[in-house]
Amino acid sequence: MARIIAGMGTSHVPGLGAAMDNGKTQEAYWQPVFKGLEPLRSWHRDHVPDVTIIVYNDHATAIALDNYATFTLGVAEQFLPADEGWGRRNVPTVQGHPELAWHLVESLVMDEFDLAVSGDLDVDHGLTVPLSIAYDQPEIWPTRVIPLAVNVIQYPQPTSLRCFKLGQAIRRAVDAFPDDITVGIWGTGGLSHQLGGERVGVVNPEFDTQFLDNLVSDPMANTRLTHTDFFREAGCEGIEMIMWNVMRGALNDRVSEAYRFYHIPVSATAYGAIILENP
Ligand code: DHB
Ligand code: FE
């Protein structure tokens with residue numbers, strides 16, 4: 001039987017990927033960030049699952065705003081890094097897991113989560129930067145990946161609770177997959193940040209820290225956060241944090257925190273990462 005071994009939440013700041021791609025990780029600005037990622041990367045070296053479900057958002061890169069679903073699951077054999085305006089990132093092609101992906105589609109639809117299904121999906125920084133954060137610069141990504149795109153960019157976005165319930169449904173689906181494989185699940189985006197408008201540059205460490213604490217000890221508190229709470233407290237793009245609720249919903253009620261890292265600023269964001277293990 002398949003089983004979920006752990007979850008990770010991480011910001012997906014594109015500048016982090018660019019720093020790696022352009023050999024700038026030892027520059028003064030980036031050095032403390034990559035230093036903070038060392039224990040995270042060491043954990044990932046020791047815990048590579050067969051498949052990782054990466055809950056991310058496409059930033060209107062590969063999914064056009066006139067055809068945008070609330071949830072989109074990628075069932076392809078492979079996913080190319082998307083061209084976000086300056087060519088595809090020079091990182092490995094993401095290898096999918098169609099068998100588990102189609103099982104998820106069937107199981108989730110039967111469980112009343114009516115997803116869009118994509119067999120042709122380029123993946124933007126929302127998905128490739130977390131892979132770079134976890135695995136640095138390998139020849140091939142060590143885990144297969146199932147992309148799960150969430151609409152966080154166009155009104156109306158799903159609620160925090162809906163995202164958590166999707167995670168619970170993913171857990172039921174994985175538990176029912178007959179193959180003996182290990183599965184990881186990541187939520188990406190956030191933490192507090194606002195990239196434009198009057199309040200550009202908003203970061204809110206108190207809000208972020210409470211959110212991270214809640215992931216460990218009171219996950220349902222995070223499911224009560226409204227979109228307005230995110231906009232007000234965490235800036236417009238802070239709503240990306242709802243994707244961490246999908247990850248949390250797929251884990252055990254009680255989890256143990258293996259690592260946490262929080263750093264301000266990374267680009268315009270409060271960078272945050274957390275690893276949660278299913279005991
Ligand atoms: C930044 C953060 C994001 O989450 C994103 O999608 C794009 C840019 C940033 O802080 O630069
Ligand atoms: Fe983003």
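The following conversation goes through a predicted model and asks how some of its descriptions are reached.

Colleague: Why is helix 2 called roughly perpendicular to helix 4?

Modeller: The axes of helix 2, residues 31-46, and helix 4, residues 125-135, cross at roughly 85°, and because angles from 65 to 115 degrees count as roughly perpendicular, helix 2 is described as roughly perpendicular to helix 4. The two axes also come within 7 Å.

Colleague: Which residues make the contact between these helices?

Modeller: On helix 2 they are L37, L40, R41 and H44, and on helix 4 they are S132, I133, A134 and Y135, where contact means heavy atoms within 4.5 Å.

Colleague: How many residues of each class does that contact have?

Modeller: The contact of helix 2 with helix 4 has 5 nonpolar, 2 polar and 1 charged residues; since Arg counts as charged, R41, which is part of the contact, belongs to the charged class.

Colleague: What makes H12 a polar contact of ligand 1?

Modeller: An N or O atom in the side chain of H12 is 3.0 Å from an oxygen atom of ligand 1, and the pair therefore falls under the definition, which asks for N or O atoms within 3.5 Å. A polar side-chain atom of E240 lies 3.1 Å from an oxygen atom of the ligand, while for A268 a backbone N or O atom lies 3.3 Å from a ligand oxygen.

Colleague: How much of ligand 1 does the protein bury?

Modeller: Taken alone, ligand 1 exposes 290 Å², and the protein buries 88% of that. The residues that surround ligand 1 include H59, H125, H193 and T269.

Colleague: Which peptide bond is cis with omega of about 0°?

Modeller: That is the bond joining Y155 and P156, and P156 has its place in the loop between strand 7 and helix 5. The bond from I264 to P265 is also cis, with omega near -15°, and P265 is found in strand 9.

Colleague: What is the phi of D136?

Modeller: D136 has a positive phi of about 65° although it is not a glycine, and D136 lies in the loop between helix 4 and strand 7.

How values were computed. Residues numbered from 1 in each chain as written. Chains lettered and ligands numbered in written order. Predicted model: local features only at pLDDT ≥ 70, side-chain atom pairs only at ≥ 80, totals over all residues. Heavy atoms only, no water. Axes fitted to C-alpha atoms, helices over the stretch in contact; angles between N-to-C directions. Helix = DSSP H or I, 4+ residues; strand = E, 2+ residues; numbered from the N terminus. Parallel < 35°, antiparallel > 145°, perpendicular 65-115°, else oblique. Near = heavy atom within 4 Å. Polar contact = N/O pair within 3.5 Å; in protein donor to acceptor, adjacent residues only side chain to side chain. Areas by Shrake-Rupley, 256 points an atom, 1.4 Å probe, with all protein chains shown as cover.
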